[in-house]
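Visitor: I am new to this structure and would like to learn how to read it. Please take me through some of its features.

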Amino acid sequence: LDIAKWARLVREPRDAVAPKDTSILFRDVEFAYQEERELLRNVQFHARPGEFVCVIGKSGTGKSTILDIICGFCAPDKGKVLLGDVAFTDLDWDTWRARLGLVRPEGVVVSGTWIENVAFLDDNPDHEKVERLLESVGLQQHVKKYPEGIQSFITARGGNLSAGQRQRILMARVLYRDPELILLDEPTSNLDVNTEHFIHELLFS
């Protein structure tokens, strides 16, 4: 985990309001990690449930910061943010985050079974669902090569897997939670062309 970001995690207000949906509205939003380094300035967009929205820009221009604000890892310095039609400062963050699925380049594959990696932190994992998701992300044939199947172990940080396979596990993990809103931070970075195309097809299927 990024400790610096979690240290700035936005806390719920005393009278938190549950989000009505997964819509996102940014209006004249500004943010700077340091006063001399302004990342976001006058950012405006409205993302509605069911839409695919892409944020495009050069490295270091604040694309990931927009996701951080949406997740409540940091608060905007200026402007208006509505999440689920609720003001940023009034939002019930536990309810909001339960609706989100986030995939980032620094996502970690843990030392454990395929089940533990896909059904991450689920005390009663659904094995059939894990197998369906591994099939949907194109990993089932690889898993079948292991004598114990989904009960087989993956080494720390997915050391015995390719970068593409690790990224597919992270996709399966976020889909396991059935999120209403999926946030992807460069989900195909450092992947080969075939894997990148596969993930695009999966997202639009």
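**Reading the model**

Guide: Start with R168, which touches V137, G138, L139, T195 and F198, leaving out residues up to four places away in sequence; contact means heavy atoms within 4.5 Å. This is a predicted model, in which local features need pLDDT of at least 70 and side-chain atom pairs count only at pLDDT 80 or more, while totals for chains, interfaces and linings use all residues. Residues are numbered from 1 along each chain as its sequence is written, and side-chain values use heavy atoms, with hydrogens and water left out.

Visitor: Where is R168 placed? Is R168 buried or exposed?

Guide: R168 lies in helix α7. Helices (H or I, at least four residues) and strands (E, at least two) are DSSP runs, numbered from the N terminus. R168 counts as buried because its relative accessibility is 13%. Buried means under 20% relative accessible area, exposed over 50%, and partly exposed in between (1.4 Å probe, protein chains only).

Visitor: What does R173 touch?

Guide: R173 is also placed in helix α7, and with a relative accessible area of 13% R173 is buried. Setting aside neighbours within four places in sequence, R173 is in contact with V108, V109, V110, N117, V118 and F120. R173 and L102 are 71 residues apart in sequence, and their C-alpha atoms are 9.7 Å apart in space.

Visitor: How do I read the packing of α7 and α8?

Guide: Two packed helices are described by the angle between their axes and the distance between the axes. Axes are lines fitted to C-alpha atoms, for helices over the stretch in contact, and angles run from 0 to 180 degrees between N-to-C directions. Here α7 and helix α8 (residues 193–204) pack at about 10°, with axes 10 Å apart. That makes α7 roughly parallel to α8. Angles under 35 degrees count as roughly parallel, over 145 as roughly antiparallel, 65 to 115 as roughly perpendicular and the rest as oblique. From α7, G164, Q167, R168, M171 and L175 make the contact, with T195, F198, I199, L202 and L203 from α8. By class, this contact of α7 with α8 has six nonpolar, three polar and one charged residues. Ala, Val, Leu, Ile, Met, Phe, Trp, Tyr, Cys and Pro count as nonpolar, Asp, Glu, Lys and Arg as charged, and the others, Gly among them, as polar.

Visitor: At what angle do α5 and α7 pack?

Guide: Helix α5 (residues 127–136) and helix α7 (residues 163–176) pack at about 135°, with axes 9 Å apart. That makes α5 oblique to α7. K129, V130 and L133 in α5 meet A172, L175 and Y176 in α7. The contact of α5 with α7 has five nonpolar, no polar and one charged residues.

Visitor: How many disulfides does the structure hold?

Guide: A disulfide is a covalent bond between the sulfur atoms of two cysteines. The cut-off used is a pair of cysteine sulfur atoms within 2.5 Å. The structure holds zero disulfides. The sulfur of C54 is 17 Å from the closest cysteine sulfur, in C71, which is too far for a bond. C74 is in no disulfide either, with the nearest cysteine sulfur, that of C71, 9.4 Å away. C54 is exposed at a relative accessible area of 67%, whereas C74 is buried at 3% relative accessibility.

Visitor: What is phi in D28 and N42?

Guide: Most residues other than glycine have a negative phi. D28, in strand β1 (residues 24–34), has a positive phi near 55°. N42, in strand β2 (residues 37–47), has a positive phi near 55°.
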